[in-house]
Amino acid sequence: MEKLRSLIKGEIGRDVISLETVDSTNAFAVRLGGKGAAHGTTVIAERQTKGRGRLGRRWESPAGGNIYMSVILRPLMDMRDVTLLTIMAGVACCGALRNSTGLAVEIKWPNDLMVSGRKLGGILTEIRSSAGRVIFAVLGMGINVNTCLEDYPPEVRAIATSVMNETSKEQSVTLLATGILNELDRWYGILMREGRGPVLNEWRRFSSMLGGVVEVIVGEEAFRGVAEDIDDEGRLLLRLSSGELKNISAGDLKILR
Ligand code: BTN
C-alpha cells in the first residue's frame, strides 16, 4: 500500500484504507462517508464477503488479486446529474485499463467494462443526498484481474473474464488500482471544470454498443431497438421499431447485433 500512496497524483486515493476482508467496500465507504470522511477517501479490500452488484445482485469477490475498491466523492451536484459520476467512472476505468493492459476494453451501457464481449468489471454508485443535492457519492469498482475463471460459479464463468485470462500474464493490482485512481482524479477535475461534454464524448468513444441492435430489460419489461446514443444525463436513447425514441435510466442491456 505504501507503493500505492507514492504513485497517487491527486486528491483521489490520497487517503487509502486497505483491508484484507470486508463485507463490501461500498458498504464500508458509505459508513465512512456518513461519519464525514473527506473527498477522495478510498477503501480497498482483498476479498469481500457480501460484494454488491447492480440491481441488488451479488458481486462474487474471491481473494486472489482482483480489485475491489470504493471511492468517496463530495461533488457540488444536483441529484438529477448523478448518473454522470458513473459515466465518468466508466471512462476513467476503461482508459486506465487500456493504458495498463493494452486490452481493447470497452464500455457497455451503463457501466460494464467489457473485453471481447465478456465482462471484466463493473461499477456500482451509491449516493446519499438531501433536498435534491448530493451529500456524498461512493463509486465502487470491481475489476477481475488475476483470478482464474475456475474460481467463479459456472453462471459467472460463462459471461466473465479477467485481465489474466485475456493476457495470460499476472498484473500488479497496485499499479492497476493507482492507474484507475489517477484517471478518476483527472476525469473528475474535467467534469467539474468543463462540464459534461468531454466525459460524454469519451464515453461514446469507448462504447461498444452505440449503433447496434440491443435488448434492454427494465424491471418486467423488455425493449428492443437501436442504441442511438446517450443523452446529457447519461440515459440510453433507444430507437424502437415504432420509431419512438425511448430514454432509459437503468436496466440490463444485451447486444443482439
Ligand atoms: C455491477 O454489477 O456491474 C457492479 C459491480 C460493482 C462491484 C464493486 S466491487 C467493489 C465495490 N464494493 C461492492 O460491494 N461493490 C463494488
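Predicted model: local features only at pLDDT ≥ 70, side-chain atom pairs only at ≥ 80, totals over all residues.
**Strands, a helix and a buried aspartate**

Biologist: What makes β10 and β11 a pair of strands?

Modeller: Strands are DSSP runs of E with at least two residues, numbered from the N terminus. Two of them pair if DSSP finds at least two bridges between them. Four bridges join β10 to β11, therefore they pair. They run antiparallel. Their hairpin has five residues between the strands, and Gly243 in the turn has a positive phi of about 100°.

Biologist: Which strand pairs with β10 over four bridges besides that one?

Modeller: β9 does, in the antiparallel sense. Ile230 stands opposite Leu236 there. The hairpin of β9 and β10 also has five residues between its strands, and Gly234 takes a positive phi near 85°. β9 (residues 221-230) is joined to β8 (residues 213-218) by six bridges. In that pair, Val213 faces Val226 of β9.

Biologist: What makes β11 and β12 the edges of this sheet?

Modeller: The open sheet has five strands in the order β11-β10-β9-β8-β12. β11 (245-248) and β12 (252-255) each have a single partner strand, so one side of each lacks a neighbour in the sheet. Neighbouring strands are turned by 45° against each other on average, direction ignored.

Biologist: What is the order of the seven-strand sheet?

Modeller: It is β1-β2-β3-β7-β6-β5-β4, open and with mixed pairing. β1 (16-22) and β4 (106-108) stand at the edges, because each has a single partner strand. The twist averages 20° from one strand to the next. Inside it, β6 (residues 118-130) and β7 (residues 133-143) pair antiparallel over 10 bridges.

Biologist: How do you know that α3 packs on the sheet?

Modeller: Contact means heavy atoms within 4.5 Å. By that rule, α3 touches β3 (67-73), β4, β5 (112-115), β6 and β7. Its direction makes about 145° with that of β6. Such angles run from 0 to 180 degrees between N-to-C directions, with axes fitted to C-alpha atoms, for helices over the stretch in contact.

Biologist: Why does the span of helix α3 agree with expectation?

Modeller: A helix is a DSSP run of H or I with at least four residues. The expected span is 1.5 Å times one less than the number of residues. For the 19 residues of α3 (residues 83-101) that gives 27 Å. The end C-alpha atoms are 27 Å apart, so the values agree. Just after α3, Gly102 takes a positive phi of about 75°.

Biologist: Why is Asp81 called buried?

Modeller: Buried means under 20% relative accessible area, exposed over 50%, partly exposed in between (1.4 Å probe, protein chains only). Asp81 has 14%, so it is buried. Asp81 is in the loop between β3 and α3. It touches Arg196 and Glu233, not counting residues up to four places away in sequence. In α3, 15 of the 19 residues are buried.

Biologist: What makes Lys246 lie over the face of Phe223?

Modeller: A charge sits over a ring if NZ of Lys or CZ of Arg is within 6 Å of the ring centre and within 35 degrees of the ring normal. Lys246 lies over the face of Phe223, at 4.7 Å from the ring centre.

Definitions and conventions:
Residues numbered from 1 in each chain as written. Heavy atoms only, no water.
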